[in-house]
Amino acid sequence: MAATQDGPTLRTVRIDPITRLEGHGRIQLFLDEKGEVADAFFQVPELRGFEKFCEGRPVEELARITPRICGVCPEAHHIASAKALDAVFGVEPPPAGRKLRELLYSAFFAGDHTTHFYALGGPDFVVGPDAPKAERNILGVIAKVGLDAGKLVLRQRREAQEVVAMVGGKAIHPVCGLPGGVSKPITEAERARIEEIARNSLEFAKFSLRVFDDVVLSSPQYVDMIRSDAYQLRTHYIGLVDEKNRVNFYDGRVRVVDPSGLEVVRFAASQYAEFIEERVEPWTYLKFPYLKKVGWRGFVDGAQSGVYRATPLSRLNAADGMATPLAQAEYERMYASLGGKPVHATLATHWARLIELLYAAERTLELATDPEITSPDIRTIPTATPGEGIGVVEAPRGTLFHHYVADERGMAKRVNLIVGTTNNHAAICMSIKRAAQGLIRGGVLPTDGTLNRIEMAFRAYDPCFGCATHALPGEMPLEILVYGPDGQVRQRLAR
Amino acid sequence: MIGAPGPGRGARTLILGLGNPILTDDAVGLIVAREVYRLLVEQGASVDLAEASAANLDLIALVEGYERLVVVDALIVSHPKPGRLHRLELGDLATMPTSTSLHGLGPAAALELARHVGIDVPDNVSIYGIEVVDPYTFGETLTPALASAIASLPFAIVATESRLAEGSRAGVL
């Protein structure tokens, strides 16, 4: 890594691997001789050879292959892939086909956001950022919030998977999406059960927002923390919006707003290459997408920098509102509480995520009670010669693009994906650096609590580079190394 | 001794293969688990087989109702000897660096959570980790070094589990 060549005048604080992160991540903080943070790097190993793996296979198989990239959000890949295949084959799904996909997707979204709040992001707040690591987990949350909360979380997860299995044919790795629609309709009995689940999910979302109110918003210490400079980043924001510029997870236009909240552009998925460019840096395999027309100015924020974010908070910032009534009320309350739009406070992403959870639950219920949802007219059979197609959805962790090119026999020739977390890669690096600079005082060795507060800056993104192996890690050291100016390890903290 | 069917399930023991079938060596847990299952069925044991690509909260629904859980997974170490087999218990996982890598909740925490809220999950848990070379490249075949080193693993796992089952109160597989 280039930075280590800067030599013995730098001390290194390494947080490795990041706790509660999918895959293996590494944060390295480089301290200068005064003990101030000179630079910060965030690295993850990247999987290799995906494009090559896909080339030459029947393009419609990608809807089953791409979900295998990741053990966490296969549903997002499946739906993005089905939409890309619609475009490859030049077909529009009939209304029921489209609604069934969105129904599956909304239920999945509610389950996924639940995991983040209760197991990943929430423990820092509910249990406390300085609590021992062993308690900063979902069990710690339950100890504070109550045993019933634990039961509700597990029911929410289980029922989300039940909907995915009913609509998608299979839990976790759905198989329903085909070019032109879905493979099977749902029965009235299934619809009724999904409606029941959606009502549970809605109550759960309301409960979760009350927990957030009680634990976070009623605490001046946490509100100050959310508003503090260490966690601010003034970037562009992107997110899918419907025709009224309201947040949509399944479809719409990608809307881009600048750091003052003004619309920069609103583009269709098929135009993404005109607006998004991917930058390569020498110290990591993972790319850094940025807004092409604004340009890359390095790892800096502001209106002149093409760095953008695609997170729950970004989606709310990029939209004019929510399409369901309860989520809209919460949306208004959040912006009123945090001083108007857009909100640049990275930690407010947790609030935005719960508002999205509420929207996902409301939308699941709307679709489950839609008279058309049990229609057997679920697929338009493709007849055109396959070609090129781009599909987009909002994945829980950011806008997800699937871009396929097929030959005239329908074999995949080129495959390019921009996955959720990758959109935020530059911003994650910047957030870590800013938090480290704001929280580490020169000459004072950081405490476990300080390092956890730095981790909170990126945990807000719900980062998932776990489009990666999930294999058990063995001998990788879990430690923080502090190097003295002579390059020797001065302190080793086991985590 | 053959186990009687568990409550709501066809068996008392679940063999769970973890892995990604299209990530080269990451698939080894799936491949070996299938073989373990086949051997146990041949012996007349009462077992089920399941596969998963991540052991997160959804693990609970998968293992609920079983008395014994046998997990087979790939293991990443810094200097791998392909195919070297490790047997771990939940307690070992809790102290491993990325026991939390499974999106927020390792299997140990997931099962503890389940017990905490009164869900019936297995008390006997064995986790077998197989050292691998390349779990980072997309591909449908194991690396040759690993492929040639796994034939004996299912037998080793079955022998170990049989011995453990005899020693435990349940006495069944």
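Colleague: Which residue just after helix 4 of chain B takes a positive phi?

Modeller: This is a predicted model, so every value here is computed from it. Helix 4 of chain B covers residues 107–116. Just after this helix, phi takes a positive value of about 85°. The residue is B:Gly118.

Colleague: How many of the 10 residues of helix 4 of chain B are buried?

Modeller: Buried means under 20% relative accessible area. The residues of this helix that pass are B:Pro107, B:Ala108, B:Ala109, B:Ala110, B:Leu111, B:Leu113 and B:Ala114. The helix is therefore largely enclosed by the rest of the structure. The count of buried residues is seven.

Colleague: What share of the contacts in chain B with a separation of 6 or more joins residues 24 or more positions apart?

Modeller: Chain B has 173 residues, and 60% of them are buried. Now take its contacts with a separation of 6 or more. Residues 24 or more positions apart account for 79%.

Colleague: Is B:Thr24 buried or exposed?

Modeller: B:Thr24 sits in the loop between strand 1 (13–18) and helix 1 (28–42) of chain B. Its phi is positive, about 50°, although it is not a glycine. Its relative accessibility is 8%, so B:Thr24 counts as buried.

Colleague: Where in chain A is A:Ile172, and how does its accessibility count?

Modeller: A:Ile172 has a positive phi near 65°, and it is a residue other than glycine. Its place is the loop between helix 6 (147–168) and strand 4 (177–178) of chain A.

Colleague: What share of the 495 residues of chain A counts as buried?

Modeller: Chain A holds 15 helices and 17 strands. Among its contacts between residues at least 6 apart in sequence, 67% join residues at least 24 apart. Of the 495 residues, the buried share is 65%.

Colleague: Are helix 4 and helix 7 of chain A roughly parallel or roughly perpendicular?

Modeller: Helix 4 spans residues 95–126 and helix 7 spans residues 188–217. Their axes come within 11 Å and cross at roughly 25°. That angle makes helix 4 of chain A and helix 7 of chain A roughly parallel.

Colleague: How do the residues of that contact of helix 4 with helix 7 of chain A divide into nonpolar, polar and charged?

Modeller: The crossing of these two helices is left-handed. Helix 4 of chain A brings residues including A:Leu103, A:Phe117 and A:Phe125, and helix 7 of chain A brings residues including A:Ile194, A:Phe204 and A:Val211. The residues of the contact divide into 13 nonpolar, three polar and no charged.

Colleague: Which residues of helix 8 of chain A make the contact with helix 7 of chain A?

Modeller: The axes of helix 7 and helix 8 (residues 220–227) of chain A come within 7 Å and cross at roughly 90°. The two helices are therefore roughly perpendicular. Helix 7 of chain A brings A:Val215, A:Val216 and A:Leu217. From helix 8 of chain A come A:Tyr222, A:Val223 and A:Ile226.

Colleague: How many disulfides are found over all chains?

Modeller: A disulfide needs two cysteine sulfur atoms within 2.5 Å. For A:Cys176, the nearest cysteine sulfur is that of A:Cys73, 16 Å away. A:Cys176 is buried at 1% relative accessibility, and A:Cys429 is buried at 5%. Over all chains, the number of disulfides is zero.

Colleague: Which peptide bond is cis, with omega about -15°?

Modeller: Look in the loop between helix 11 (325–337) and helix 12 of chain A, where A:Pro342 is found. The cis bond joins A:Lys341 and A:Pro342.

Colleague: What separates the C-alpha atoms of A:Pro386 and A:Ala412?

Modeller: A:Pro386 lies in the loop between helix 12 (349–368) and strand 12 (388–395) of chain A. At 14% relative accessibility, it counts as buried. Beyond its neighbours within four places in sequence, its contacts include A:Val88, A:Phe89 and A:Arg409. A:Ala412 is 26 residues away along the chain, and the C-alpha separation is 9.8 Å.

Notes:
Residues are numbered from 1 along each chain as its sequence is written. Chains are lettered from A and ligands numbered from 1 in the order in which they are written. This is a predicted model: local features need pLDDT of at least 70, side-chain atom pairs count only at pLDDT 80 or more; totals for chains, interfaces and linings use all residues. Side-chain values use heavy atoms; hydrogens and water are left out. Axes are lines fitted to C-alpha atoms, for helices over the stretch in contact, and angles run from 0 to 180 degrees between N-to-C directions. Helices (H or I, at least four residues) and strands (E, at least two) are DSSP runs, numbered from the N terminus. Angles under 35 degrees count as roughly parallel, over 145 as roughly antiparallel, 65 to 115 as roughly perpendicular and the rest as oblique. A crossing is left-handed if the near helix is turned anticlockwise from the far one by less than a right angle, and right-handed if clockwise. Contact means heavy atoms within 4.5 Å. Ala, Val, Leu, Ile, Met, Phe, Trp, Tyr, Cys and Pro count as nonpolar, Asp, Glu, Lys and Arg as charged, and the others, Gly among them, as polar. Buried means under 20% relative accessible area, exposed over 50%, partly exposed in between (1.4 Å probe, protein chains only).
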